[in-house]
Each structure stands twice: as C-alpha cells, then as structure tokens.
Amino acid sequence: MDLDQFAALRTAEGSAALDAATRVTGGDPLTAAAALRTAGVPAGLAAAALTQAELRRRATGKFGPEAAGMFLTRAGLEQATRRVVTDRRAARLRAAGVRTLADLGCGLGADALAAARAGIRVYGVEADPLTAAMAAANAEAAGLAEMFTVEHGDATAFDVSRVDGVFCDPARRSTGTGRRIFDPKAYSPPWDFVTALAERVPHAVVKVAPGLDHALIPSGAEAEWVSVDGDLVEAALWCGRLADVPRRATVLRGTRVHQLTGSGAVEAPVGPVRRFLYDPDPAVVRAHLVAELATTLDATIADPSIAYLYADSPAGTPFARCLEVTDVLPFSLKRLRALLRERRVGRVEILKRGSALEPERLRRDLRLSGDQAASVVLTRIAAAPTVLLCHPAG
C-alpha cells in the first residue's frame, strides 16, 4: 500500500469498501476479491481494503476489539506490542511520574495509544510516511488525537528536552526486504543513540528483541522479559529512574501478572534428576533467573547448561510447568520405543533442551500405538544425551 491508496481508504468510498471486505475476509482470497468486484469496488481499492480487513482480523489477538478500526501494515503489526503489555507498560510509566512522552519510532502507535489512554501526552515520531499517517489515523479512531500526535521525521532529531520520558522501539526489519535484523547495531534508530537516551531523559524505556545478548544491556538498566500465556513476546530495558532491579521476568497469564526478579548472575546448584521436573517459563530463562526460581522451589539443575529444574516434591508456581518423572534412560531410540510400547503410549508431547533431535522426526520414528499419553523430555544429564518419560504432576 502507498499513501494514495491509504488516502483512498479514508474516503467514504474507501470506508464502504472496507466494510464489504470485512464481511468476506477470512475465507478464500479469490472468492473475496470476486465479491468486491461484483459490488463494483475498483480493483486497486478492493485489494487495499481486503489487505486491511485481513490484517485487522489477525490483529484482534494483539489489540482486541480496537483492531477493527485500526490501519495496519504487515511489518508494523508483527513488531507492534500486544495490548496487555502496552497497558501495563503505560501504567508503570504513569506511576513513575511520566506526564509527557516521546515515542521515537512509534510505528502504528500501539504503545503510544496505551500511554495516551493512561493520561500521558505522547509525541510520536515515525520515519516511514505511510506508517506515520496510519498511526495518526489510529489515534483519531481511538478518540486520542489530542493526546497522541505524530510527525513524520527522523527520531534522532527530536528534541527530548520537551518531554520527561522516552519510549523507543527500534525497527528490527530491513526497509524494503522486511528481513529480520539480529544485530542491534543495525537497528533504526541506531543502538548507540538508543542506549544514550538514558543520559538525556530521566525516564527511558527501550523495547528490544527477546534474544538480546545480556552483554549489550547498559550498566544500571533493568532488563525485563515478558511472556503472555507461555509465549515469550518481548524484552525491554528500563533506564534512569525507571530501573528497579537488574533483571525481571514478567509472566502474564490471563488477567494475572507474576514477576520474578534478581541479579541474573547467580548459578543454580547442580544435583541429580529427582522425582519432579520443572520447565521454566521462557521469560525466566531469558532473564537468567533460573537460579532464583530454583531457590523458591528447593530445586537443582542436572546439567549446568540446561534450564530444567528438579525437585523432590511438586509446588504450584506461575513461573514453570511441573512434570512427574517416571523413567530416566540414556537416549536410545530402540529402548525408548520399547518403553513406550510397554506403557501403551500412543500420544506424546516432546520437549527438549540441549538436544539436536527434531521432535517431529522422532515422533515418526517412535511408531506410536496405544491409548495412553506421556511427555518425552530430550535433554542432557552430566553432558550425556538423556530421555525422561514424564506425566503432568498432580
């Protein structure tokens, strides 16, 4: 989509085309396109409307009902933060005293809209003209145009002395190709500009990729990893007055928020495989807080490089899933197949850490038959490939 197509969507004719596209999206694309042609919608406008309708349908999981009125791009939707995360971040900024916020690289405006809903005046800056126009339209659709304004321009040129807080979500995809950028030095705005914001503004938050190397975390910053219903969705650096602890794992499950904090530098004690295995939430693993979790569970690890925890008794925790270990054996396809046949296991969940085996290929090779279910855990114990047969803990 270009600016002209976007402008066309904002007309009365474009709004009607969007309504028609919304009614037919989600099925066969050719059938949907034919339906709009039959309704007399010009081909170019129909294509733009169908793209928006499909993106809005996909965005519902991130933004909820508000997605129905938003304008989106594929790349912008992929990088945009989920509503449950943006609302929580906005509340933390508001509680810290932030009243004016610069959103440098605001994208489609997901974080800025959350901050505006929280009563923070937001000034968005976006380098891509189409995305900037969409962000402004999204603010208007949400009734927040007075609280969130957008300018098309260079985020590095914004005068941050105008605000008491900054949020920055650097672009992590190449312009044009859309390929993911893994090197933070190639982000836009550049990494050195982003990390220097903490020295210029009292409250600074930077959204980063969950795979960020801990060595790149600025001194004094709080690094937080966030998961939603077991899926790791983002990491953020809280800088300046916003930094409370070195590392934080935030686990969102339904309407509940659970947080585990620590230094991220402690090693968990090593011990044998015990009756119960805990598979930590990915936010805990990425935050390097497995040792802190082990302390709360009276647990140990069996291999210094593997983030599975073992304990003698089960305990309810939002930070890990608990399985009961019934069998431990050196990995052997023949022995594992025989054991599963003996236990009449016909359905398996395959978990792995520290194993190069492909779960789906292993599933085929097991030739399962039976009416029982089990969890097969592929791991290493004292550097040796090992398989654990498990069941959910009561």
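Predicted model: local features only at pLDDT ≥ 70, side-chain atom pairs only at ≥ 80, totals over all residues.
Me: How many helices and strands are in the chain?
Reply: The chain has 13 helices and 15 strands. Both are DSSP runs numbered from the N terminus, helices being H or I of at least four residues and strands E of at least two. The C-alpha trace spans about 65 × 55 × 35 Å along its principal axes.

Me: Why is Gln52 called buried?
Reply: Gln52 has a relative accessible area of 1%, and buried means under 20%, exposed over 50% and partly exposed in between (1.4 Å probe, protein chains only). Gln52 is therefore buried. Its place is in helix α4. Of the 394 residues of the chain, 48% count as buried.

Me: Which residues does Gln52 touch, not counting residues up to four places away in sequence?
Reply: A contact means heavy atoms within 4.5 Å. Gln52 touches Met1, Leu9, Leu18, Met70, Phe71, Leu72 and Met134.

Me: Why is the pair of Phe6 and Phe71 called edge-to-face?
Reply: Rings of Phe, Tyr and Trp (its six-membered ring) pair if their centres lie within 6.5 Å; planes under 30 degrees apart count as stacked, over 60 as edge-to-face and the rest as tilted. The structure holds one aromatic pair. The ring centres of Phe6 and Phe71 are 5.1 Å apart and the planes stand at 90°, so the pair is edge-to-face. Phe6 lies in helix α1 (residues 3–9) and Phe71 in the loop between α4 (43–63) and α5 (74–79), so the pair ties together parts that are 65 residues apart in sequence. Both Phe6 and Phe71 are buried.

Me: What makes α2 and α4 oblique to each other?
Reply: Two packed helices are described by the angle between their axes and the distance between the axes. Axes are lines fitted to C-alpha atoms, for helices over the stretch in contact, and angles run from 0 to 180 degrees between N-to-C directions. Helix α2 (residues 12–24) and α4 pack at about 55°, with axes 8 Å apart. Angles under 35 degrees count as roughly parallel, over 145 as roughly antiparallel, 65 to 115 as roughly perpendicular and the rest as oblique. The two helices are therefore oblique. Among the residues that meet are Ala17 and Leu18 in α2 and Ala49 and Gln52 in α4.

Me: Why is Arg344 called partly exposed, and where is it found?
Reply: Arg344 has a relative accessible area of 46%, which makes it partly exposed. Arg344 is found in the loop between α12 (333–342) and β13 (345–352). Not counting residues up to four places away in sequence, Arg344 touches Ser369, Gly370, Asp371 and Gln372.

Me: How do you know that Arg162 lies over the face of Tyr123?
Reply: A charge sits over a ring if NZ of Lys or CZ of Arg is within 6 Å of the ring centre and within 35 degrees of the ring normal. Arg162 lies over the face of Tyr123, at 4.9 Å from the ring centre. Arg353 lies over the face of Tyr308, at 5.2 Å from the ring centre.

Notes:
Residues numbered from 1 in each chain as written. Heavy atoms only, no water.
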